[in-house]
Amino acid sequence: MDNNEMNNSFDGLLPFDPIVVIRDALRNWLIILLVALAVGVGAYIVTDMEYAPRYQSKATFVVTTRSSAATVYGNLSSTTELAAVFSELINSSVMRKNIQAALGGPFSATISASVIPQTNLLNMTVTASDPRTAFLVAQAIIDHHEEVTYQVVDSVSLEVLQGAEVPAAPYNRANAANRMKKMMVLAAVAAAAFFAWMSLVRDTVRSGKEARKKLDCDYLGDIPHEEKYKTFIARLRRRKSGILVTNPVTSFRFVETMRKLARRVEHHMNQGKVLMVTSVLENEGKSTVAVNLALTMAQRHKKVLLIDCDLRKPACRTLLEQKHTGPGTRDVLAERANLGDALARYKNTNLYVLLESKSDSNSGDLLNSDAMKALTDWARREFDFVVLDLPPMSVVSDSETVSDIADASLLVVRQNTARAAGLNKAIAALEGGKAKLLGCVLNNVYSTFLSSGQGYRYGGYGQYSHYGNYGSYGEKSSRS
């Protein structure tokens, strides 16, 4: 079987998909939001403290020549000439003395003049820190401008077209709110880029290419991400759909992936029957893989037994959506219940389950007992395949213990989660046991055509909807 059979595709353009890093960065959305708010509020406060309102009072003059032969062209020419010196004249010491005398004291203002293009009109603008000063300075210039301009340009006269007014509001509006918004956006982008960079440099496994390069074991393929909320209403109501190959709403792509994984596992196990499934960290999806692997093998007309050996945090019962209140794995191993009372058949399939419903952090020794070995030996004789769901290796050493009594092991690696160094340490521990390490499978993979070469997604089951039409759960097995 081709190493890439599970992928339904060829290797893509990039070693891993950018969406992985983007999702990892956005997972810190709350921190990004807080950083953006903090920077935005800080920018608002600083801008507000630095803000100094400025007021402008304006006046417009008509420039004409004093000659009786004045023409329009002459007026335009005179306006241009006057504009070049008018700013200097109204800012001269003589004019400022006149203004100071009119105001009754010193003043602080900026005075400028400019020509309205293609006209003989001249605009004068007075800018000050308060509206009263701006108006009084402009009015003083209007009252005394002839005394200054006549001494320099006696052939030109200035007539007031529009007088000065008291400014009602500052011309430089406070922009603290706008600056706050801009800084919030920049801060959010910077924070997201920082987390993306942190994700990028973290030594995790993000694709099949990286799995082959970084991990010291065979790579069996990847399992695509499967959405737990199938509809928008389901997401609002927080109603998750079980990710099972027997669930009609599970995507065809996921079902086909599990089928190919099952065939590949069977191929590599040779004559072995007992497969243990584990991971390095919690929440990597090893229970989901174990349950669906068992279901897929049972669909292939095999008699399969699934044993929930994660006694500290059992999950198989929840994944199978079954109410299990009777004796479980712990009771059988502790010899408090008969195997026949704890073993059950899953609906009308060839899958038999030994589930656990109660968590117990002090039950690790049960997996290292003679009862566990006897249970495994019995299962090897009675079933075609046995799947053991083991706890994460970073939590307890149960997987290393069980690897001495199982025939093969499978390591589930969630995309962009565990570091490669920790994964290789777990791989070395599994290879040190008697069970054959088949390799690793990359779980919950997000990808686009950039990394996987796939430009399509499977839809719902369609004609495969009969997968879920089985009988009720709870039929007791006659095996003991």
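A search of the whole structure, which is a predicted model, finds zero disulfides. The tour therefore opens with the cysteines, since a disulfide is a covalent bond between the sulfur atoms of two cysteines.

**Stop 1: the cysteines**

Select Cys316 and Cys309 and display their sulfur atoms. The closest cysteine sulfur to that of Cys316 belongs to Cys309, and because the separation is 8.6 Å, it is too far for a bond. Cys316 is buried, at 0% relative accessibility. Next, select Cys440 together with Cys217. Why is this pair not a disulfide? The sulfur of Cys217, the nearest to that of Cys440, is 3.9 Å away, whereas a disulfide requires the two sulfur atoms to be within 2.5 Å. Cys440 is likewise in the interior category: its relative accessibility is 1%, and it counts as buried.

**Stop 2: the salt bridges**

Side chains of opposite charge can pair when their charged atoms come close. In the whole structure, 16 salt bridges are found, and several are visited here.

Begin with Arg27 and Asp24, whose side chains meet in a salt bridge with an N to O distance of 2.5 Å.

Move on to Lys286 and Asp389. Their closest N and O atoms are 3.0 Å apart, forming a salt bridge. Lys286 belongs to helix α10 (residues 286–299) and Asp389 to strand β10 (residues 385–389), so this bridge ties together parts that are 103 residues apart in sequence. Both Lys286 and Asp389 are buried.

**Stop 3: two packed helices**

Two packed helices are described by the angle between their axes and the distance between the axes. Display helix α2 (residues 29–50) with helix α6 (residues 176–201); they pack at an angle of about 145 degrees, and their axes are 7 Å apart. The crossing of α2 past α6 is right-handed. What kinds of residue make up the contact of α2 with α6? The contact comprises 19 nonpolar, two polar and three charged residues.

**Stop 4: the aromatic rings**

The structure holds three aromatic pairs. Select Phe194 and Phe195 for one of them: the ring centres are 5.5 Å apart and the planes lie at 70 degrees, so the pair is edge-to-face. Phe194 is partly exposed, at 45% relative accessibility, whereas Phe195 is buried, at 17%.

Now select Trp378 and Phe383. Their ring centres are 5.7 Å apart with planes at 75 degrees, so this pair is edge-to-face. Trp378 is buried at 9% relative accessibility, and Phe383 is buried at 1%.

Terms used: Residues are numbered from 1 along each chain as its sequence is written. This is a predicted model: local features need pLDDT of at least 70, side-chain atom pairs count only at pLDDT 80 or more; totals for chains, interfaces and linings use all residues. Side-chain values use heavy atoms; hydrogens and water are left out. Buried means under 20% relative accessible area, exposed over 50%, partly exposed in between (1.4 Å probe, protein chains only). A salt bridge is a side-chain nitrogen of Lys or Arg within 4 Å of a carboxyl oxygen of Asp or Glu. Helices (H or I, at least four residues) and strands (E, at least two) are DSSP runs, numbered from the N terminus. Axes are lines fitted to C-alpha atoms, for helices over the stretch in contact, and angles run from 0 to 180 degrees between N-to-C directions. A crossing is left-handed if the near helix is turned anticlockwise from the far one by less than a right angle, and right-handed if clockwise. Ala, Val, Leu, Ile, Met, Phe, Trp, Tyr, Cys and Pro count as nonpolar, Asp, Glu, Lys and Arg as charged, and the others, Gly among them, as polar. Rings of Phe, Tyr and Trp (its six-membered ring) pair if their centres lie within 6.5 Å; planes under 30 degrees apart count as stacked, over 60 as edge-to-face and the rest as tilted.
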